[in-house]
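Please look at the sequence and the model below before reading on.

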Amino acid sequence: MPEHKSKSNERTGLVVRNTGAHYVVELDGETRNDGSPQEVNCRIKGNFRIKGIRTTNPVAVGDRVAISPSGPDGTAFITQIIPRRNYIIRRSSNLSKAAHIIAANVDAALLVVTLAHPTTSTTFIDRFLATAEAYNVKAIIAINKIDLLTAPDDRELLDAVAYLYRSIGYEVVCVSARTGEGIEHLREMLRDKITLFSGNSGVGKSTLINDLIPGTEQRTAEISAAHDQGMHTTTFSEMFSLPDGGRIIDTPGVRGFGTVEFDRREVAHFFPEIFEAGRGCRFSDCMHTGEPGCAVRQAVDESRIAGSRYSSYLNILEEDASGTDEKYRK
């Protein structure tokens, strides 16, 4: 990352919370009397944009920023974003082509999913993974609430889903926030890293965070009996420090994950197994949608590529130009 040369009256820090109206910045090298990091409320000054992408939030949790001196009310202004090493975004809403930056400068993105109460669709999982691939962010899948999977068919489903994504090359950890199963393994995976936490509402992100960081006391809510869906308990993104080193960025639960307009010719690059199989296609520009000599279609027919993954690939190709992600909701 290029070094930031600050002006004499500027300070630098890390954005650790987005409250909607303000950003909370943890100042570099400054502590309170109790030794905890010094934080300051900031507003935005200036126009921060990612070239070629229209965003709803120019600054994100995980950004390193320069800030101007505080005013009389103690509020400072963010004057510059120090160049990001990476970021990950999603479409901001069903009817908008704008993007929402989920987090910046992360080592990994952990997608928390559940196979029951509620059920996370493989389409949602695949769209998240494809986005992580597109932005060069390592993705990890945490299958939560495995304590609910007691019937033989449920366990077979768990094994099948875990095997599917592990066979592609993704790390998968099976956990239960209620019983503690798998939590230590997850804790080791997160040690000394900055990890984004994401997932559908109701998958237990907040409960997992409470297990990983005792005393955090993140709000949790019951699953809606009518719709078997979670209710939003995290309102804004926030960064927390892990007791054994590392940080996590908690984000509001989402019910849909809209990808930001991929180049149709590049979508296959974001599905590792499809990209690899595509090397054997007769035509170098094969889109794997029915062309003769398509090695990807042959791999799907021979069950070497999962039908669910291929369907997710086609869904992204067919995404409505209007920007809606309604049909990709869970």
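## Basis of the model

This is a predicted model, in which local features need pLDDT of at least 70 and side-chain atom pairs count only at pLDDT 80 or more, while totals for chains, interfaces and linings use all residues. Residues are numbered from 1 along each chain as its sequence is written, and side-chain values use heavy atoms, with hydrogens and water left out.

## The chain as a whole

The protein chain has seven helices and 13 strands. Helices (H or I, at least four residues) and strands (E, at least two) are DSSP runs, numbered from the N terminus.

Of the 330 residues in the protein chain, 52% are buried. Buried means under 20% relative accessible area, exposed means over 50%, and partly exposed lies in between (1.4 Å probe, protein chains only). Among the contacts in the protein chain with a separation of 6 or more, 64% are between residues 24 or more positions apart. A contact means heavy atoms within 4.5 Å.

## Helices α1 and α7

Two packed helices are described by the angle between their axes and the distance between the axes. For helix α1 (residues 122-134) and helix α7 (residues 307-317), the axes come within 9 Å and cross at roughly 65°. Axes are lines fitted to C-alpha atoms, for helices over the stretch in contact, and angles run from 0 to 180 degrees between N-to-C directions. α1 and α7 are therefore roughly perpendicular to each other. Angles under 35 degrees count as roughly parallel, over 145 as roughly antiparallel, 65 to 115 as roughly perpendicular and the rest as oblique. The crossing of α1 with α7 is right-handed; a crossing is right-handed if the near helix is turned clockwise from the far one by less than a right angle, and left-handed if anticlockwise.

On the α1 side, the contact involves T122, T123, D126, R127, L129 and A130, which meet S308, R309, S312, N315 and I316 of α7. The residues of this contact divide into three nonpolar, five polar and three charged. Here Ala, Val, Leu, Ile, Met, Phe, Trp, Tyr, Cys and Pro count as nonpolar, Asp, Glu, Lys and Arg as charged, and the others, Gly among them, as polar. The buried residues of α7 are R309, Y310, S312, Y313, L314, I316 and L317. Their cover includes α1, α2 (152-168), α5 (272-278) and α6 (295-301).

## Helices α3 and α4

Helix α3 (residues 183-190) and helix α4 (residues 205-212) have axes that come within 11 Å and cross at roughly 80°. That makes α3 roughly perpendicular to α4. I183, L186, R187 and L190 of α3 make the contact with L208, D211 and L212 of α4. By type, the residues of this contact are five nonpolar, no polar and two charged.

## Polar contacts of buried residues

D250 lies in strand β13 (residues 247-250) and counts as buried, at 1% relative accessibility. The side chains of D250 and K205 are joined by a polar contact of 2.9 Å. A polar contact is a pair of N or O atoms within 3.5 Å; within protein, one must be able to donate a hydrogen and the other to accept it, and residues adjacent in sequence count only if both atoms are side-chain atoms.

N57 is in the loop between β3 (37-44) and β4 (64-67), and at 7% relative accessibility N57 counts as buried. The side chain of N57 makes a polar contact of 3.4 Å with the side chain of H100. Not counting residues up to four places away in sequence, N57 touches Y23, A99, H100 and I101. T56 is also placed in the loop between β3 and β4, but T56 counts as partly exposed, at 45% relative accessibility. T56 and H100 are 44 residues apart in sequence, and their C-alpha atoms are 5.5 Å apart in space.

## Backbone exceptions

Most residues other than glycine have a negative phi, and most peptide bonds are trans. Which residues are joined by a cis peptide bond? H117 and P118 are, with omega about -5°; P118 is in the loop between β8 (108-114) and α1.

K145 has a positive phi, near 65°, and is a residue other than glycine. K145 is in the loop between β9 (138-144) and α2, and is buried with a relative accessible area of 17%. H288 is not a glycine and has a positive phi of about 65°. H288 is placed in the loop between α5 and α6 and, at 5% relative accessibility, counts as buried.
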